[in-house]
Amino acid sequence: MPSFAYKGYTIRPRTFQLRGSARWTLDLLIGRNGQLRAFSGPATYLTEAGAETACAKFGCQIIDGAVRDCSVTDLN
């Protein structure tokens, strides 16, 4: 899944497959005005596509302020 824009931010899934496993991680970057912040979660997924979809949803939730202890408000 390529990067996409959401409310002035760019969300870039960067999931990877765990070694020795068929599971994919919840890892993404959120950027704005040349600044980037990495986020990850404990969940894993059976497919790369499933992980990318979850990354996109998680990124939108972070930007919307719906994820506790995750913020992008200082990315100017």
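Start by selecting tyrosine 6, which is found in strand 1. (Helices here are DSSP runs of H or I with at least four residues, strands are runs of E with at least two, and both are numbered from the N terminus.) What you have on screen is a predicted model, where local features need pLDDT of at least 70 and side-chain atom pairs count only at pLDDT 80 or more, while totals for chains, interfaces and linings use all residues. Residues are numbered from 1 along each chain as its sequence is written, and side-chain values use heavy atoms, with hydrogens and water left out.

Stay on tyrosine 6 and show what surrounds it. Neighbours within four places in sequence aside, tyrosine 6 is in contact (heavy atoms within 4.5 Å) with Ile11, Cys60, Ile63 and Asp64. Which side chain makes a polar contact with the side chain of tyrosine 6? That is aspartate 64, at 2.8 Å. A polar contact is a pair of N or O atoms within 3.5 Å; within protein, one must be able to donate a hydrogen and the other to accept it, and residues adjacent in sequence count only if both atoms are side-chain atoms.

Next, color by pLDDT, the predictor's confidence in each residue from 0 to 100. The chain averages 95, with 100% of its residues at 70 or more. Among the elements, strand 2 has the highest mean (98) and strand 4, residues 35–45, the lowest (96).

Four of them make an open sheet in the order 1-2-3-4, with antiparallel pairing; two strands pair if DSSP finds at least two bridges between them. Strand 1 (4–6) and strand 4 are at the edges with a single partner strand each, so one side of each has no neighbour in the sheet. From one strand to the next, the twist averages 30 degrees. For angles, axes are lines fitted to C-alpha atoms, for helices over the stretch in contact, and values run from 0 to 180 degrees between N-to-C directions.

Zoom in on the pairs. Strands 2 and 3 pair over four bridges, and proline 13 sits opposite leucine 28 of strand 3. Strands 3 and 4 pair over nine bridges; select tryptophan 24 and you'll find its bridge partner, tyrosine 45, in strand 4. The hairpin of these two strands has two residues between them, and asparagine 33 there takes a positive phi near 50 degrees.

Turn to helix 1. It lies across strands 1, 2, 3 and 4, at about 40 degrees to strand 3. Now select Leu28, Ile30, Phe39, Phe58, Ile62 and Val72: of the 16 residues in the largest nonpolar core, these touch the most other members. (Such a core is a set of buried Ala, Val, Leu, Ile, Met, Phe, Trp, Tyr and Cys residues joined through side-chain atoms within 4.5 Å; buried means under 20% relative accessible area, exposed over 50%, partly exposed in between, with a 1.4 Å probe and protein chains only.) Strand 2 (9–13), strand 3 (24–32) and helix 1 (48–63) each supply at least two of the core residues. Helix 1 gives the largest share, six residues.

Finish in the segment after helix 1, where you'll find aspartate 74. Is aspartate 74 buried or partly exposed? Aspartate 74 is partly exposed, at 45% relative accessible area. Its side chain joins that of arginine 37 through a polar contact of 3.0 Å.
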